[in-house]
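This report walks through a protein model from its overall make-up to individual contacts. Please keep the sequence and the three-dimensional view at hand while reading.

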Amino acid sequence: MDLHIPSKNLTSRFNLPWVNQHIKKMIRKKERLYKVAKKYQTKEHWDKFKQYGKAVETELDISHKKYIFDMLEVRPSTSEASANTQDQYRIGKKYWKYIKSKKRETVGVSTLKVNGETLDNSKGKAEALNAQFQSVFTIEDFQSFPKITENEISKIPNLHISTEGLIKLLKGVNPSKANGPDNISCRILKECAESISPYLQLIFTKTLKDQSVPQDWLIANVIALFKKGDKSQPVNYRPVSLTSVPCKIMEHIIFKHIMNHLDKHNILVDFQHGFRSKRSCESQLVITAEDITRNLDNNQQVDMLILDFSKAFDTVPHQRLLKKLASYGIDGNILAWLEAWLTQREQQVTLEGERSSTAKVTSGVPQGTVLGPLLFLLYINDIGNDITSKIRLFADDSLLYLAISSKDDCKHLQEDLDKMVKWTKIWQMIFNPSKCYVLTITKKKGKPSTSTITSMVISWNQSHQTHT
């Protein structure tokens with residue numbers, strides 16, 4: 001790219017999105033008028049320059065306002081009365097991106113405090129965050145490795161990668177996305193799709209056949225995103241991986257192949273609504289609300305447990321995950337490629353132009369990749385086995401609830417909670433007690449006569465003594 005792609009330096013004034021070709025011509029004419037006025041130093045020439053300068057400012061102002069209003073997608077109004085209200089506008093992503101660019105607040109990672117030491121330089125902050133992200137990795141316990149029952153599922157078919165399919169994927173690449181560690185431009189991949197696709201097809205086919213992953217695909221530049229809490233604490237930041245774009249293209253192909261296999265055999269549980277086509281938090285909300293309101297209509301109370309995993313994506317043990325994938329019929333070259341992609345990864349935190357040292361990734365599915373979310377769904381796919389209460393999942397967020405009519409119902413809900421806690425111990429995942437809640441929903445006033453809340457809190461604390 002450096003050798004064969006011509007480059008040109010552009011002035012920043014022409015980079016503004018509302019400066020169109022007409023305005024650029026006007027600006028150039030204003031510059032010519034200025035040079036003439038400066039050369040002859042007559043009132044007539046200076047007046048002409050100033051008058052034209054005002055015309056340029058007016059044109060810039062009009063174009064700028066038009067740019068802002070174009071970012072507000074206009075909705076057709078249903079009546080004349082609503083035509084002049086703000087209801088006819090829908091604010092899009094471009095508008096909020098523009099507003100964010102105008103804010104004068106600092107963006108990035110603030111000064112960090114680690115072991116009483118204050119870190120305000122970029123290199124120190126990057127190293128501290130990298131150490132924090134590395135500290136949550138799971139040390140897999142092989143001595144108590146769980147036995148996995150083989151499912152009667154046919155093996156996943158062989159994967160064939162075609163040049164035509166690659167061209168379609170490359171042309172769908174978003175050119176504005178950030179480059180990966182290999183610095184291959186998304187715009188080049190998109191605009192040179194026909195020329196690049198035959199070579200990528202050879203690379204993809206070879207890496208799958210050899211059951212290995214190129215080194216450039218195994219390195220991730222990690223950016224730290226603040227979640228909530230104290231900004232000076234590294235624990236309050238979430239890692240998101242920026243990986244090679246060609247690798248993501250390969251992930252898309254494998255993702256589609258695995259999803260076809262999962263859909264064919266109906267492997268993913270129906271109560272999982274995260275990262276799935278035609279499912280969302282809204283679909284889960286509608287189903288859950290329907291369950292609760294029907295119970296309330298029947299004058300039944302509902303006891304609900306809201307559960308959340310701690311560092312869910314970063315703590316998935318690799319060998320346990322691979323065994324589960326094999327039990328779902330994902331084997332051969334696909335499984336071997338996934339093993340190399342998972343177990344040979346390295347990461348480095350990039351912050352304000354600085355990079356931390358490289359750290360080995362010993363557990364987890366990388367956030368920011370295509371395959372990561374799907375692999376996590378498959379890992380927790382069996383968490384609801386033998387659960388008699390209602391369970392809803394949205395990625396790592398879990399909801400367990402049951403209509404309570406007697407003490408036996410309380411007992412059943414408690415037993416189901418114990419089963420889920422037992423599952424986390426077997427599969428080396430941890431619920432975060434500070435983000436887990438119990439809730440009673442009822443139409444009755446006052447304290448519920450029958451409730452699992454008191455006994456559940458006690459049992460919950462006992463079950464998580466080792467975690468807290």
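## Terms and basis

A residue is called buried when its relative accessible area is under 20%, exposed when that area is over 50%, and partly exposed in between, with a 1.4 Å probe and protein chains only. By this rule Lys-256, at 53% relative accessibility, counts as exposed.

The model is predicted, so local features need pLDDT of at least 70 and side-chain atom pairs count only at pLDDT 80 or more, whereas totals for chains, interfaces and linings use all residues. Residues are numbered from 1 along each chain as its sequence is written, and side-chain values use heavy atoms, with hydrogens and water left out.

## Overall make-up

The secondary structure comes to 14 helices and 13 strands, where helices (H or I, at least four residues) and strands (E, at least two) are DSSP runs numbered from the N terminus. Of the 468 residues in the protein, 43% are buried. Contact means heavy atoms within 4.5 Å, and among contacts with a separation of 6 or more, 71% are accounted for by residues 24 or more positions apart.

## The nonpolar cores

A nonpolar core is a set of buried Ala, Val, Leu, Ile, Met, Phe, Trp, Tyr and Cys residues joined through side-chain atoms within 4.5 Å. The largest one holds 73 residues, of which Phe-204, Ile-258, Leu-325, Trp-337, Leu-338 and Leu-375 touch the most other members. Its largest share, nine residues, comes from helix H8 (residues 245-265). A second, separate core of 15 residues includes Trp-18, Ile-27, Phe-49 and Leu-72.

When residues up to four places away in sequence are not counted, Leu-338 touches Ile-258, Leu-322, Leu-325, Ile-330, Leu-371 and Leu-375.

## Packing of H10 and H12

Helix H10 (residues 318-327) packs with helix H12 (residues 371-379) at an angle of about 80 degrees, and their axes are 9 Å apart. H10 is therefore roughly perpendicular to H12, a label given to angles of 65 to 115 degrees, while those under 35 count as roughly parallel, those over 145 as roughly antiparallel and the rest as oblique. Axes here are lines fitted to C-alpha atoms, for helices over the stretch in contact, and angles run from 0 to 180 degrees between N-to-C directions.

On the H10 side Arg-320, Leu-321, Lys-324 and Leu-325 meet Leu-375, Leu-378 and Tyr-379 of H12.

## Aromatic pairs

Rings of Phe, Tyr and Trp (its six-membered ring) pair if their centres lie within 6.5 Å, with planes under 30 degrees apart counted as stacked, over 60 as edge-to-face and the rest as tilted. The count by this rule comes to 15 aromatic pairs. In one of these, Phe-204 and Trp-217 are edge-to-face, with 5.7 Å centre to centre and 70 degrees between the planes. Phe-204 sits in helix H7 (residues 193-209) and Trp-217 in the loop between H7 and strand E5 (219-226), 13 residues apart. Phe-204 is buried, with a relative accessible area of 0%, and Trp-217 also counts as buried, at 6% relative accessibility.

Elsewhere, Phe-309, Tyr-379, Trp-423, Trp-427 and Phe-431 form one aromatic cluster.

## Loop residues with positive phi

Most residues other than glycine have a negative phi. Gln-41, in the loop between helix H1 (21-40) and helix H2 (43-70), has a positive phi near 55 degrees. Asn-299 has a positive phi near 60 degrees, and its place is in the loop between helix H9 (281-297) and strand E7 (301-308). At 57% relative accessibility, Asn-299 counts as exposed.
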